[in-house]
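Me: I am new to this structure and would like to learn how to read it. Please take me through some features one at a time.

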Amino acid sequence: MFAPKFSFEQEQQFFLDIQQSIENKSFDRLILSQYKGEMTDLEKMTFRIIELQGQATLSCLYHHKTQDITKNYSMNEGIEKIAELLAQSKQANLFALDQEAQLKKNKKKAMLNVQKRQPLSMEIEQRQHNREKHRYVEQQSPFLKHLGITDEKGQVIPSMARKWKQINKFIEIFSNAYAQIDASQQELNIVDFGSGKGYLTFALYDYLQAQQKTPLITGVELRSNLVEFCQKVADDVGFNHLDFFEGDVRSYQPEKLDVMIALHACDIATDFAIHTGIRLNASMIMCAPCCHKELRPQLKSPEVLQPMLQFGIHAGQQAEMLTDTLRALLLKAYGYETKVFEFVSLEHTSKNKMILATKRKDIQQPDAKILQQIQALKTMYGIQKQSLELLLKDQMPIENVGCKC
């Protein structure tokens with residue numbers, strides 16, 4: 001049985017109040033401040049209870065002078081961590097549904113002030129029912145303020161609510177996929193093609209750092225002003241292994257790649273990005289394609305579909321579906337488990353499709369059966385050329401990529 005030792009009786013009582021609030025499900029949050037331990041740049045710690053994979057978890061946001069780091073603990077580990085940090089902090093504030101307690105310490109004494117609230121079982125039950133959905137990105141993370149997602153108080157700016165939702169959905173998708181690949185490696189080499197203002201790039205770095213991984217991330221973007229802006233933010237918030245490169249999939253060719261991301265890579269730029277991922281044996285490939293232009297002019301309606309595809313909007317939708325089906329099948333042929341599903345659309349496009357591929361096996365030759373399926377689809381629609389297929393066969397020069405949307 002874990003039995004922490006404290007210097008003062010009041011400190012012991014405060015710790016017991018924390019345990020009791022956790023047990024009776026009235027715990028809201030715990031803030032430890034004026035830390036005097038070995039981590040000299042640590043200013044304060046905020047503990048909350050979240051739910052991860054169906055399990056109650058103690059999540060701690062460590063506020064350092066230059067960055068914030070989130071760590072998640074099992075309930076037992078979290079309580080032990082609270083005891084350890086409480087002993088090294090001069091002030092602690094417990095916020096529960098039935099009380100608020102403050103502990104202040106100096107070398108000679110400790111003062112405990114407790115303000116009881118009228119216990120309202122229905123309120124406690126309602127608060128538990130309405131507990132905020134777990135977010136994969138801590139709302140107080142400094143990078144969010146730099147990017148204009150949150151204000152000075154750490155509140156999401158109303159006009160950025162959609163972007164905040166997209167950020168958390170993206171990290172949720174990544175987290176679930178990451179759990180299926182080799183999560184034991186410490187360093188992850190990631191490239192985000194078309195990183196833009198870096199919303200998702202920063203969030204991914206923040207998330208992996210909270211998982212105690214070493215993310216080595218490069219955001220690749222054509223617009224020099226955004227490259228300069230994002231690099232400054234990365235430097236300001238202490239994301240030391242996050243770099244931004246001015247260029248595109250033609251001009252940036254990584255030597256090693258664990259995760260390839262390409263959101264809103266226009267037209268065949270998506271094909272070049274996927275090809276880079278497959279060529280470098282990436283463990284995960286995430287694409288949100290748009291501006292499907294390559295197959296539309298080639299499309300020849302099968303006779304049975306001509307009544308449907310005579311309408312331009314239907315022909316465009318069919319071309320998009322065919323394009324992304326061929327991409328997904330090629331990924332499967334090269335050893336990837338592939339899913340195609342809806343994602344939160346980006347602010348500059350209504351497209352909301354994502355292709356997510358995770359490496360399942362190394363292959364010597366692509367799956368012949370899947371290649372036959374691809375050829376049958378191409379024949380049915382009269383398709384003569386598909387860029388990803390040509391790239392995988394080394395039959396297309398990289399200079400052909402480009403999109404002016």
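Me: Which residues of α5 meet which residues of α6?
Reply: Contact means heavy atoms within 4.5 Å. On the α5 side are Lys163, Gln166, Ile167, Phe170, Ile171, Phe174 and Ser175, and they meet Tyr199, Leu200, Ala203, Leu204, Tyr207 and Leu208 in α6. By class, the contact of α5 with α6 has 10 nonpolar residues, two polar and one charged. Ala, Val, Leu, Ile, Met, Phe, Trp, Tyr, Cys and Pro count as nonpolar, Asp, Glu, Lys and Arg as charged, and the others, Gly among them, as polar. This is a predicted model: local features need pLDDT of at least 70, side-chain atom pairs count only at pLDDT 80 or more, and totals for chains, interfaces and linings use all residues. Residues are numbered from 1 along each chain as its sequence is written, and side-chain values use heavy atoms, with hydrogens and water left out.

Me: At roughly what angle do the axes of α5 and α6 cross?
Reply: Two packed helices are described by the angle between their axes and the distance between the axes. Axes are lines fitted to C-alpha atoms, for helices over the stretch in contact, and angles run from 0 to 180 degrees between N-to-C directions. The axes of α5 (residues 161–178) and α6 (residues 199–210) cross at roughly 50 degrees and come within 10 Å. That makes α5 oblique to α6; angles under 35 degrees count as roughly parallel, over 145 as roughly antiparallel, 65 to 115 as roughly perpendicular and the rest as oblique. The crossing is right-handed. A crossing is left-handed if the near helix is turned anticlockwise from the far one by less than a right angle, and right-handed if clockwise.

Me: How do α10 and α11 cross?
Reply: The axes of α10 (residues 312–333) and α11 (residues 368–381) come within 9 Å, at a crossing angle of roughly 160 degrees. That makes α10 roughly antiparallel to α11. Their crossing is left-handed. The contact between α10 and α11 has 10 nonpolar, three polar and two charged residues.

Me: How many helices and strands does the protein chain have?
Reply: Helices (H or I, at least four residues) and strands (E, at least two) are DSSP runs, numbered from the N terminus. The protein chain has 12 helices and 14 strands.

Me: Is histidine 63 buried or exposed?
Reply: Buried means under 20% relative accessible area, exposed over 50%, partly exposed in between (1.4 Å probe, protein chains only). Histidine 63 has 12% relative accessibility, so it counts as buried. Its place is in strand β3 (residues 55–64). The side chains of histidine 63 and threonine 46 are joined by a polar contact of 3.3 Å. A polar contact is a pair of N or O atoms within 3.5 Å; within protein, one must be able to donate a hydrogen and the other to accept it, and residues adjacent in sequence count only if both atoms are side-chain atoms.

Me: What is the phi of lysine 25?
Reply: Most residues other than glycine have a negative phi. Lysine 25 is not a glycine, yet has a positive phi of about 65 degrees. Lysine 25 sits in the loop between α1 (9–23) and β1 (27–35), and is exposed, with a relative accessible area of 55%. Asparagine 281 also has a positive phi, of about 60 degrees, although it is not a glycine. Asparagine 281 is partly exposed, at 38% relative accessible area.
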